[in-house]
Each structure stands twice: as C-alpha cells, then as structure tokens.
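Dear colleague,

I am passing this structure on to you, and below it you will find notes on what turned up when I went through it. Please have the structure open while you read.

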Amino acid sequence: MEPNHAPFSEGIHLDARKLDGTDGSRSSATVRAVKDIAFGSIAGMVAEVFEYPLDLAKVCLQSQVLDTAARFGGPLDCLVQTWRNEGVRGLYRGLPVPIFGAMAETAGLFLAYSQLQSLLLWCSSDAFRQLSLPELGLAAAGSGFLTSFIITPIELVKCKMQVQMLTAPPRIPDFKTHPPTFIHAASVNSTFPGQHRHTASQRFRELPGPLAIVANTIRVSGLKGLWVGHVATIIRETGGTGAWFVSKEFFASLLLARRTQASSLSGRRSSFAQVPRDNVELLPWESALSGALAGAIYRLSLYPADTVKSAIQTADDLRPPDTFTPSERLSKRPGSFWETAKAMYKTRGVRGLYAGCGMTVARAIPSSAIVFVVYDGLTQRFA
C-alpha cells in the first residue's frame, strides 16, 4: 500500500521521483504493486485456512433459506452433521478453490486500494497531504467494485462445491400414479434389494472438481454463467470493502493517537487528519484490534447481499428443475438479485436474510485481525 497513506504500515516519506515520470517513479510503483500482491496473497491464504469450516456452514445455512424445511438447525448443527456424515474432509471440502480465491481477493483489494489512493493524490493539488476518511472510503469502495469481477467466478465454484453433498437426487416421473408424480431417483434405487448404498467417501470420489464445475457451467450457460450472482457481489464488495478499510483506518488512527499522546506532554486530542503517520508503525496488537473491529463492521454492513448471492449461486444445485421441465422455464433460473431477495424475505423474513450472520461475524473478527497483522507485519518488515 502507498506508504504515506497506508494504515500506518510504513514510515517512508514521498520523494520527488514519485511525482514525475522518471524511471525511479515507475520502479517504485512496480515494487509497491508487487508487495501489495504478495503480502495480500499471504494474508488472505492464512486467514482462509483458519475460517474455512465456518464459511462452509455459513453458505449451507444461507442456501437453505428458500427450502420448505431447513436441513440444519444452526451453525453448530451444520458443522456437527457435516463432521458426522463426511468427517474432517467434509469440513474442508473444496479448500484449494477458496485458498486461491482468498489470495486473489485480498491481493486485488490491497493492490486496487493502494493504486486508487495514489490516483486520488495525483488528482489533488497537494500530492503530499494525507487523504481524509471520505477519500479513503472512496478508494476502498472502488477497490471492492473492481475486485468483485475476480471474486464472483471463484465464489460461484466455491459455493457449488460446499453444497455438493446436499444436492438433491434427480427427480423422475412415477407413472404408477395418475397423473404422474415426480419422485427422487434415490427412492427408486432403494427398492431394489441388491442396490448398493454409496458411502460418504465413495460420493466424494464421484463429486466433480472445480475444473469440472467450471466446464459444466460454461457448457450450460456460457461464460456469463460464471458471473451468476455478480450484482450481489458488487453490492457486498463495494459497500463492505469501503466500510472495512475506512473502519480499520479510523480505529488504527485512534489507537495510534492514544499511544502518541500518552508519550507527549500536551495530552491534546488529535483528529484523524492530525495523527502523525510518518515514521510511526502500528504495533501488532493495534493492527489486530483495529482489523478485528473492521472485520465485524464489514460483515454486518451488507450481509443480506451475501445471503442472496449464496442462494442464487446454489439454486440450480439445491433446487433443480424436474427432469421434464420445459426449456422456457429453465431459462428463467436462477432469479435476479431482487427477485431472490423478495422470495427469501417472503419465506423467512428478515431473519432469513441474516441466516448465519452471527457465526460469520464471529469468524470475521479473528480472520480480519489475521489479515491485517500479516499484511502490516510483512509491509513493515520488508519496507
């Protein structure tokens, strides 16, 4: 991130080369970009490994909002059932995809955030000044908007893999009734005495991997199918990322002001713009605390958009059409953002839009703390 307006991670002054077109300016910008990508990737990967089982439970709870009967009674019940039915492997099903996604997301967010801050400074009359909180919020929201185009396909694959074991068996017509009714194929197979029941480990081997999911999505819906639920992602990332970075900057400035004032004789309270950031680094616990609070605010800010996104991206897996559904009805699935949001509200009310929210906020607190501790620590170490 840009040293002079990052979250107190570096104490390097701007020099004249950053304001002209010399090779030093381009080299410095390239080095900063590489650092943002590398440090952001590492921070995202570490946090994702820690939080993945809780993220799996969150997606499962969000995906069942439109079901007539809930599969799970809550996050703990979801984790327990997953562990009993699938073992530890089930809690980390599809982990490589979110690890890659977390690395791409976090690196993209920090890189875009830094570059947009530099752009704002370049457009201003004073390139040496500190950006205000609204300006930082604008840069953060812009980074979330840009990164959403990378996140949507990754989260689509991740969500589909996380609900694979919950996918309903195909439905076929039962011509013994009049008119014919649709029944699950599994119930037909179970009527044969010699029918072998698949164990969880056998089902794991039969489940498609990420590349197969991508290929099938493109085959059925084209390339645009990889961006199903993108409107929800844009809403979540634009507003949520803005809240994430701004709140982190704000809480970090308060902690830094508290420390610097405690060592001074004046004791005068400082505003955000008055907090000295040059040659002052955040302590690890300050990065952790400000990052933890920012993570909670980020998840709470636009959580219903994330719930709608999960429901849209898993609709074809958990609520597939009948085998003989006319093609004109298939073209309407899944519903738009607003159609899905209204259907979820009608089914479960506001509570349905916040399914799994408590657990998500609880995991976001340590996860966000880890991200900023790792990122700020690496930035300070290799500044």
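**Core, helix crossing and aromatic pairs**

Leaving aside residues up to four places away in sequence, Val-371 touches Ala-43, Ala-47, Thr-106, Phe-110 and Trp-244. Please keep in mind that this is a predicted model. Val-371 belongs to the largest nonpolar core, which has 21 residues, and it is among those with the most contacts inside that core, together with Phe-110, Tyr-113, Trp-244 and Phe-245. Two or more residues of this core come from each of α1, α3, α4, α8, α9 and α14, and α14 gives the largest share, five residues. Apart from this core lies another, of 11 residues, including Val-308, Ala-311, Phe-337 and Ala-355.

Turning to the helices, the axes of α10 (residues 303-313) and α13 (residues 337-353) come within 10 Å and cross at roughly 115°, and the crossing is right-handed. Among the residues that meet there are Val-308 and Ala-311 in α10 and Phe-337 and Met-344 in α13; by class, the contact has 10 nonpolar, three polar and no charged residues.

The whole structure holds 15 aromatic pairs. Phe-39 and Phe-382 form a tilted one, with 6.1 Å centre to centre and 35° between the planes. Because Phe-39 lies in helix α1 and Phe-382 in the segment after α14, this pair ties together parts that are 343 residues apart in sequence. Phe-39 is buried, with a relative accessible area of 9%, whereas Phe-382 is partly exposed, at 44%. Phe-110 and Phe-372 form an edge-to-face pair, 5.8 Å centre to centre with 75° between the planes, and both residues are buried.

With best regards

Methods. Residues numbered from 1 in each chain as written. Predicted model: local features only at pLDDT ≥ 70, side-chain atom pairs only at ≥ 80, totals over all residues. Heavy atoms only, no water. Core = buried A, V, L, I, M, F, W, Y, C linked by side-chain atoms within 4.5 Å. Buried < 20%, exposed > 50% of the residue type's maximum accessible area, 1.4 Å probe, protein only. Helix = DSSP H or I, 4+ residues; strand = E, 2+ residues; numbered from the N terminus. Contact = heavy atoms within 4.5 Å. Axes fitted to C-alpha atoms, helices over the stretch in contact; angles between N-to-C directions. Left-handed = near helix turned anticlockwise from the far one by under 90°. Nonpolar A, V, L, I, M, F, W, Y, C, P; charged D, E, K, R; others polar. Phe/Tyr/Trp six-rings, centres within 6.5 Å; stacked < 30°, edge-to-face > 60°.
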